[in-house]
Amino acid sequence: MNFAEAIMEIKTFELSNQSGMTVTVTNVGCAIISLKVPDKNGQPRDVVLGLDKAEDYLGKHFYLGVIIGRVGNRIGYGKFTLDGKEYQLATNDGKQHLHGGVEGFDKKIWTVEESGPAKIVFSYVSPDGEENYPGRLAVRCTYTLSQDNTLRIDYFAETDTKTICNLTNHSYFNLEGYDAKDIYGHVMQINADQLTAVDEALIPTGAFAPVAGTPFDFNAPKPIGQDIEKAGAVNSTGGFDHNYVLNGKAPAASVYAPGSGVKMTVTTDMPGMQFYSGNFIDGAVTGKGVTYQKHSGFCLETQLYPDTINQPHFPSCVVTPDKPFRSFTAFKFEK
């Protein structure tokens, strides 16, 4: 498919409810382009970083708002073994495989299976061998907006042979507004007592690191900016870019922006969540009239652990014809 043909298939959709929330999405990567919620003054505020046009999501965008797959996060050296066979994936992040490869699910034009005022269902079939992953994987992603201003994402993927899968959404939030300068004043709480420890390439070592007494402890609410420099000095990440081992308490996380009065809570059935503070946004991407800079937004990527396929004691990302991938994540907004 050439670019002109791709443009013809690109569509945008708006979900809305009677509580003042609207969500604009596109079938390019299932990207969330905008997410408007009432602020403390009852005014709509767009709280996600996004691009100007749906077709822009075919280009470079730091994964703004998209669905990540086949496997989100990193796979060490792009290698894994399944049933005795070793697979070599693209190393598109230094020596590591990141977010599904060179052309992951974020760059695909998804089929719209169903659309309505408050619900949309996208599907995509990843053929056997795509990005060198084994097996045909049929994926479905459903966005549902409820009257209590909750956006729920349901993921489902089934295969014809054993393969691996770890789907997530990569929205960058700024609850002060997409055009706010930074995220430092956001007050964050994460219900996690441990991180998956990583090496200098951000690949898990297999160990678990307690967060107590470290810059990574968000069990008690604190501003993101309070310890961001200390966290960034660890592994030279430039901020937070770590997988939290969720302790099962609900919600998984909550974030409050004092300026707008908007609060977001995150619930999920996934065991992990990557808190990423937008460390590598470098001014190369402009959307909605704003040039996005370092720490313009934050991501809470619910997931199985990074490089989980290479750590036998981590939660399994293996899917089979009898064991499909299923998960959900819900983002609730209040003022």
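Q: What volume does the largest cavity have?
A: In this predicted model, the largest cavity has a volume of about 60 Å³.

Q: And how many cavities of 30 Å³ or more does the structure hold?
A: The structure holds 3 cavities that reach 30 Å³ or more.

Q: Which residues line the largest cavity?
A: The lining of the largest cavity is made up of Arg74, Thr196, Val198, Leu202, Pro204, Asp241, His242, Asn243, Gln274 and Pro306.

Q: How do those divide into nonpolar, polar and charged?
A: The lining of the largest cavity divides into 4 nonpolar, 4 polar and 2 charged residues.

Q: Which strands each supply at least two residues of that lining?
A: Those are β17, which spans 192–198, and β20, which spans 241–246.

Q: Which strand gives the most to it?
A: With 3 residues, β20 gives the most to the lining of the largest cavity.

Q: Switching to the sheet, what order do the 9 strands come in?
A: The 9 strands form an open sheet with antiparallel pairing, and their order is β10-β11-β12-β13-β28-β22-β21-β16-β19.

Q: Which strands stand at the edges, and why is one side of each left without a neighbour?
A: The edges are held by β10 (111–115) and β19 (222–223), and because each has a single partner strand, one side of each is left without a neighbour in the sheet.

Q: How many bridges join β16 to β19?
A: Strand β16, residues 187–190, is joined to β19 by 2 bridges, and the two strands run antiparallel.

Q: What stands opposite valine 187 there?
A: Opposite valine 187 stands proline 223, which lies in β19.

Methods: Residues are numbered from 1 along each chain as its sequence is written. This is a predicted model: local features need pLDDT of at least 70, side-chain atom pairs count only at pLDDT 80 or more; totals for chains, interfaces and linings use all residues. Side-chain values use heavy atoms; hydrogens and water are left out. Two strands pair if DSSP finds at least two bridges between them. Helices (H or I, at least four residues) and strands (E, at least two) are DSSP runs, numbered from the N terminus. On a 1 Å grid over the protein atoms alone, a cavity is a set of points where a 1.4 Å probe fits but cannot get out, and a pocket is an open set with protein on both sides within 12 Å along at least five of seven lines; lining residues have an atom within 4 Å of a point. Grid points are joined across faces, edges and corners, and a volume is the space filled by probe spheres set on the points. Ala, Val, Leu, Ile, Met, Phe, Trp, Tyr, Cys and Pro count as nonpolar, Asp, Glu, Lys and Arg as charged, and the others, Gly among them, as polar.
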